[in-house]
Structure formats: C-alpha cells, structure tokens
Amino acid sequence: MVSGRIVLFGATGYTGELTARALVDRDARPVLAGRDAARLDALAAELGGLETRVADVAQPATVHSLVERGDVLISTVGPFARLGGPAVEAAVAAGAHYLDSTGEGGFIREFFERHGPAAETAGCGLLTAFGYDWVPGNLAGALALTEAGEAATRVDIGYFTTGDAGPGATSGGTRATMASGALGSSYAWRGARLVDEPTARHVRGFDLEGRRSDAFSVGTSEAFTLPRVQPGLRDVGVYLGWAGPLSRAVQAMSAGASLVGRLPGARAAMGALLKAFAPSGSSGGPDAEARAKVGSLVVAEAFDARGTRLSAVRLTGVNPYDFTAAILAWGAQTAAAGGLQGAGALGPVDGFGLEALVRGCAEAGISRT
C-alpha cells in the first residue's frame with residue numbers, strides 16, 4: 001500500500017515545529033504548511049529540504065488546497081475555537097484523515113457533534129485532541145475498564161505533572177486553552193449521557209506515590225470516546241491536577257466566572273482581559289532544557305455501581321510537549337500507512353485499537369508503570 005502524504009499545518013508554531021522534528025525523526029517527510037513562507041523555507045531547509053505550502057485560515061481556500069483523498073492533515077493551529085474550523089472542514093471535503101493538538105473542550109464537543117457525521121459520510125477518520133490533551137487519559141481509562149470488566153460503571157482519570165514546572169513551563173497555546181476553559185461552558189459524561197457543567201464543577205483527590213493531590217474536573221475527549229469502549233459506562237470523570245491544593249480555589253473562580261459571564265457585556269470584557277494572558281498565534285514555549293525537568297503522570301481508576309474500585313492504571317513518562325509532538329507523528333504516520341480503523345470522529349482507542357495505542361504511546365514516551 002502506498003502511504004498518503006502527511007501535511008503539517010501550523011508547522012512554524014511552537015507545537016508545530018516540535019511535531020515537524022518528531023516526524024523527521026521517524027523518517028517521514030511531511031509537507032510543512034503555514035502563513036509565513038520565509039519561516040517555512042528556513043525550517044524545511046534545516047530538516048532536509050522538505051516541501052512547503054503557504055496557507056492561512058483567513059483564506060479557507062488555501063487550507064482546502066493542502067490535502068486530497070488519502071492524505072493525512074495534522075493541525076496545530078490554535079486557539080482551535082477561533083482558528084481550528086478551516087482545517088477540519090478541508091480534511092472532510094477532501095476525504096483526508098485528520099489529527100490535531102487541541103485541548104479545548106468546546107472545540108472537542110463541536111468536533112464530535114458536527115464534524116463527525118460529515119467525516120463518516122466522506123469516509124475519512126478524524127482524531128481531535130491527539131496529544132497530551134487527551135491521549136494518555138484515553139489509554140489509561142481504556143486499560144482500567146478492560147481490566148475491570150463489565151461490572152465497571154465509572155472511571156475517573158487524573159492528569160498530573162512531575163518534576164520542576166517552574167516559570168516559562170507553559171506555551172502560549174497552553175495558556176490559550178486554559179483561557180478558553182475559563183470562559184466557556186464545559187461538559188461531562190454523567191448518568192450515561194453528556195451533560196453541561198462548568199469547569200471545576202467537581203474536585204477529588206488522587207493518591208500519588210504516598211501523597212494525596214487534588215484535581216478539578218474538565219471537559220475532554222474521554223467523555224465521548226470511553227463510553228464506546230465500555231457501553232455500560234455511566235460516568236467518566238476527567239481531572240486536572242496542575243493546581244494541586246489550589247483546586248478548590250479554581251473551582252470557586254470557575255463558578256464566579258460562570259455567574260459573571262451571564263451579565264450583559266461581561267463575556268466580551270473577560271475575553272479582552274485574557275488576551276494578554278493568551279495572545280493569538282504562537283508565542284513560543286519551554287525550551288528543551290525546561291521540558292526535560294518535567295514529567296507526566298496519568299492515573300485511571302474504574303469503579304462498580306457500589307463505588308468499589310475494581311482496577312487502577314498508572315502511566316508515566318516524558319513532558320507533555322514532547323509527548324504531543326511524538327504521538328502526533330506516530331498517529332499521522334500510522335494513519336498514512338492505512339492503520340486507522342473506521343471513519344468519522346474517532347477516539348484514540350477505537351481509531352487505532354488498544355494494543356496499537358499502547359505501543360504508540362510507549363514510542364512517544366509514556367507507558368504503564
């Protein structure tokens with residue numbers, strides 16, 4: 001089978017460049033696409049003379065021209081709620097497979113509810129949030145549910161980092177995702193259905209290597225994908241642990257933001273206030289030395305209807321940024337070679353299969369401990 005081309009849109013951004021390097025490390029030769037021809041040419045020359053294409057979401061036709069049927073489009077162009085639509089639409093229109101690096105709950109929900117049916121008709125596979133947000137939790141949750149068996153009705157997943165996450169440890173894209181979550185409504189899989197709820201509606205503690213750390217709830221792809229793994233699953237809770245003991249404070253701020261956001265003009269004012277915190281476009285991120293000081297820890301616990309814990313899974317590995325680049329590279333290369341299963345809006349597990357995903361995540365730097 002002849003592999004389709006891999007087109008990386010947003011190649012000169014922070015996550016995009018990391019992904020370009022990860023693809024080349026896997027002996028792939030992606031087409032590098034973005035707005036700035038000079039920066040594209042410089043990166044392409046550094047990586048061995050890769051092909052480049054200029055495209056801009058402000059001119060959707062240029063994005064549509066990037067791919068054709070059988071290709072794989074990777075998009076790292078965010079914030080996705082504002083800038084992500086043209087790339088998904090281009091992939092569906094062409095019948096090309098698609099992966100992205102978003103962590104934004106609102107975009108993920110729209111992706112599954114609006115773009116999924118169109119992609120199924122077009123015969124292409126779409127995978128959103130195919131980075132540290134939110135592949136490891138999909139893997140950990142699926143492993144925990146598989147080990148727990150049919151008695152499992154609830155799974156809780158916690159995302160944590162280890163090491164020294166000091167100043168400058170987050171990229172502009174990460175800050176944009178955090179800002180989007182603060183302003184937008186969130187959701188969760190509760191009572192065997194998708195329900196609306198604010199970010200940090202729930203806070204729970206996880207036992208981590210002899211210490212207990214709090215984490216707050218967020219809307220993620222697991223709410224859509226893990227019920228496919230376990231049809232009897234009633235509740236999926238996904239929690240972020242980066243705030244630790246301040247998780248309750250995050251909960252209070254989220255509740256306050258939800259109330260203030262209902263006032264006339266308040267949402268626009270809050271959005272303007274957050275622009276300095278999360279500027280549009282790429283604004284860089286931690287360098288290799290800073291990334292090397294941080295690791296990943298993801299836990300999943302499955303429970304029965306009585307609340308008895310049936311299984312627990314722990315994944316550890318490299319920092320979120322290097323993992324995102326590496327897993328995007330693995331996923332795109334696997335999809336280009338015909339390894340993607342099914343069409344429509346897919347999750348990591350139903351898209352590649354559990355065994356393949358275990359191998360892919362290990363290659364990308366995160367595995368079970």
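The model is predicted, so local features need pLDDT of at least 70, side-chain atom pairs count only at pLDDT 80 or more, and totals for chains, interfaces and linings use all residues. Residues are numbered from 1 along each chain as its sequence is written, and side-chain values use heavy atoms, with hydrogens and water left out. An open sheet of seven strands pairs in parallel. Helices α7 and α9 pack at an angle of about 30°.

**Terms**

- Helices (H or I, at least four residues) and strands (E, at least two) are DSSP runs, numbered from the N terminus.
- Two strands pair if DSSP finds at least two bridges between them.
- Buried means under 20% relative accessible area, exposed means over 50%, and partly exposed lies in between (1.4 Å probe, protein chains only).
- Contact means heavy atoms within 4.5 Å.

**The open sheet**

- Strands of a sheet pair through backbone hydrogen bonds, either parallel or antiparallel.
- Here the strand order is β3-β2-β1-β4-β5-β6-β15, and the pairing is parallel.
- The edges are β3 (52–54) and β15 (344–345); each has a single partner strand, so one side of each is left without a neighbour in the sheet.
- Strand β4 (residues 72–75) runs parallel to β5, and four bridges join them. Ile-74 has Leu-99 in β5 as its bridge partner.
- Two bridges join β5 to β6, again in parallel. Tyr-98 stands opposite Leu-126 in β6.
- Strand β6 (residues 125–127) is joined to β15 by two bridges, and the two run parallel. Gly-125 stands opposite Gly-344 in β15.

**Strand β5**

- In a regular strand the side chains alternate between the two faces of the sheet.
- Strand β5 (residues 97–100) is covered on both faces. His-97 and Leu-99 are buried on one side, Tyr-98 and Asp-100 on the other.

**Helix α5**

- Eight of the ten residues of helix α5 (residues 85–94) are buried, so the helix is mostly covered.
- The buried residues are Gly-85, Pro-86, Ala-87, Val-88, Ala-90, Ala-91, Val-92 and Ala-94.
- Just after α5, Gly-95 takes a positive phi of about 75°.

**Helices α7 and α9**

- Two packed helices are described by the angle between their axes and the distance between the axes.
- Helix α7 (residues 135–148) packs with helix α9 (residues 222–229) at an angle of about 30°, and their axes are 10 Å apart. That makes α7 roughly parallel to α9.
- Axes are lines fitted to C-alpha atoms, for helices over the stretch in contact, and angles run from 0 to 180 degrees between N-to-C directions.
- Angles under 35 degrees count as roughly parallel, over 145 as roughly antiparallel, 65 to 115 as roughly perpendicular and the rest as oblique.
- From α7, Gly-137, Asn-138, Gly-141, Ala-142 and Leu-145 take part in the contact. From α9, Glu-222, Thr-225, Leu-226 and Val-229 meet them.

**The β8–β9 hairpin**

- Strands β8 (residues 186–190) and β9 (residues 193–197) run antiparallel and are joined by five bridges. Trp-189 stands opposite Leu-194 in β9.
- Two residues lie between the strands of this hairpin, and Gly-191 takes a positive phi near 60°.
- Ala-192 sits in the loop between β8 and β9. Ala-192 is partly exposed, with a relative accessible area of 35%.
- Leaving aside neighbours within four places in sequence, Ala-192 is in contact with Leu-233 and Arg-234.
- Ala-192 and Arg-154 are 38 residues apart in sequence and 9.7 Å apart in space, C-alpha to C-alpha.

**Cis peptide bonds**

- The bond from Gly-78 to Pro-79 is cis, with omega near 0°. Pro-79 lies in the loop between β4 and α4 (80–83).
- The bond from Asp-133 to Trp-134 is also cis, with omega near 0°. Trp-134 lies in the loop between β6 and α7.

**Positive phi outside glycine**

- Asp-27 is not a glycine, yet has a positive phi of about 65°. Asp-27 lies in the loop between α1 (14–25) and β2 (31–34) and is exposed, at 72% relative accessibility.
- Ala-200 has a positive phi near 65°. Ala-200 is in the loop between β9 and β10 (203–208) and is buried, with a relative accessible area of 1%.
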